[in-house]
Amino acid sequence: MEKERVIRLMLFVLTLVGCLCTADLSRAQTQGAPDLRGELEKLRERMEALERETGRKKLTGEEEEERRHYPLVAISKTHVTGGLTMILQGTLNNEEVFGGDRADGSMSADLFLESEIAPRGTLLFRMDVAQGTGLTTLPPLFVNPDGTPTGPNNDVEGWSSADTLHINEVRYEQYFKNDTLRLTVGQIDLTSYFDENEFANKETFQFIAPLFNNNIAIDWGGNANFFGPGVVFNAHPIELLGFSVGLFEGDGDYQDLFSDPFIAVQVELEPYTEKLEGHYRFFVWTRRTSRPSIINPAAIESGNSGVGVSFDQELSRKIGVWGRFGTQRGKVAQFDRHASAGVQFKGAMGREEDVIGAAFGATFIGGEYKQASGLDTNEYYGEVYYNAAFTEGVHFSPDLQYIVHPGGNGAIDPVYIYGLRGQISF
């Protein structure tokens, strides 16, 4: 501390001398004297460099450990972000037996607190509060084995109480070896680490329907909202290649931890040119949670497993395409395959930040379920949205969805779902 005071005093004196001697220095230079102003500036730079070095030394060892206990310093390393999502949806051509045409809404507010608590180590809290169940008067749609519906609003989460604050994630991330290795542990959102997609992964800005934000042929572990305790290891040995391995509790209820786990392994290729980016992800997964057979509910199946592919590729700085494909066991689920693809246009209508997205998906009924149910066709789903950016943090998106053969039932008329989403981010 004494050394630092001396340095600051010397800097002050140098500044004062520089101010008093400006006229004399200028006159001396015109008379051919050495460039004293330049020498003085070099001395100042050396003193400032020494001061910075002193400051770095002060933040090591015991003093660095002591610094962590000062709240004002700690809060400076905490980042707070969040957003408010409001979605209104209604149906057209919906049969009366399924509730007829009506409109319903939902609201979700999310808050993220991220704090650096160790060198290259970050603790994240993710919380939300939701209101409204969204649009529920629809024909039965294909569902995942755990009963999670495929649509039409991915922002509606299946909490038992929709008017309280929920802790979605509490996870710690630690980077190693020049940030090429990452270890994550805690309460985790499984979909943040597997089956990612640049153009179809965020219901707040991109597609609203769940089947266009995550692969519905994955029998995700964790709770009904895909949150649960687990650990993820990521490695990027080279810039164009990455690996991810995750182990999670199968039901997300913290009972019999990892006795019936959800395990996923993913390989990611990132080919790119100077201007265009792309990601190609290949993964396998298994969920060992036992459940009734889709054919014979009296029989118990010992889990589910499958493979999947997800890719996104820029064709230009304004146009990108994406696709997904996945499989799962037909004895457990109503469908055994799912495929979806779409396109994104940025800079729509002459507005640089506006985005148009369009997607089409097909969910293929499983052979076992076809025989057991008497249904004989596949479900087809389409969606198009226009994301209008009024400011960086305020977006509004008209949205239209179209469902053909809901739940694989060809006797049901196609249904239109119109919607409007408002997103405010900070």
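Phe311 has Gly323, in strand E13, as its bridge partner. This pairing belongs to a predicted model. Strands E12 and E13 pair in the antiparallel sense, over seven bridges. Salt bridges in the model come to 18.

**Strand pairing**

- Four residues lie between E12 and E13, and the two strands form a hairpin.
- E13 also pairs with E14: they run antiparallel and are joined by nine bridges.
- Within that pairing, Val321 has Val343 of E14 as its bridge partner.

**The second largest pocket**

- The space in this pocket is about 570 Å³.
- Its lining is made of 24 residues.
- Glu198, Gln206, Gln344, Lys346 and Val355 lie nearest the centre of the pocket.
- Which elements give two or more residues to the lining?
- E16 gives the largest share of the lining, with four residues.
- Sorted by class, the lining holds 10 charged, eight polar and six nonpolar residues.

**Salt bridges**

- Glu314 and Arg317 form a salt bridge, and their closest N and O atoms are 3.2 Å apart.
- Is Glu314 buried or exposed? Glu314 counts as buried because its relative accessibility is 16%, and the cut-off for buried is under 20%.
- The cut-off for exposed is over 50%.
- Arg337 forms a salt bridge with Asp336, with 3.3 Å between the closest N and O atoms.
- Asp336 is at 18% relative accessibility and so counts as buried.
- Arg337 is at 36%, so Arg337 counts as partly exposed.

**A salt-bridge network**

- Which residues are linked in a network of salt bridges? They are Arg126, Glu169, Arg171, Glu173, Arg182 and Asp189.
- Among these residues, the side chains of Arg182 and Glu173 meet in a salt bridge at 3.8 Å, N to O.
- Glu173 has a relative accessible area of 10%, so Glu173 is buried.

Technical notes
Residues numbered from 1 in each chain as written. Predicted model: local features only at pLDDT ≥ 70, side-chain atom pairs only at ≥ 80, totals over all residues. Heavy atoms only, no water. Salt bridge = Lys/Arg side-chain N within 4 Å of Asp/Glu carboxyl O. Buried < 20%, exposed > 50% of the residue type's maximum accessible area, 1.4 Å probe, protein only. 1 Å grid on protein atoms, 1.4 Å probe; cavity = no way out; pocket = protein on both sides within 12 Å on 5 of 7 lines; lining within 4 Å. Points joined across faces, edges and corners; volume = space filled by probe spheres on them. Nonpolar A, V, L, I, M, F, W, Y, C, P; charged D, E, K, R; others polar. Pairing = 2+ DSSP bridges.
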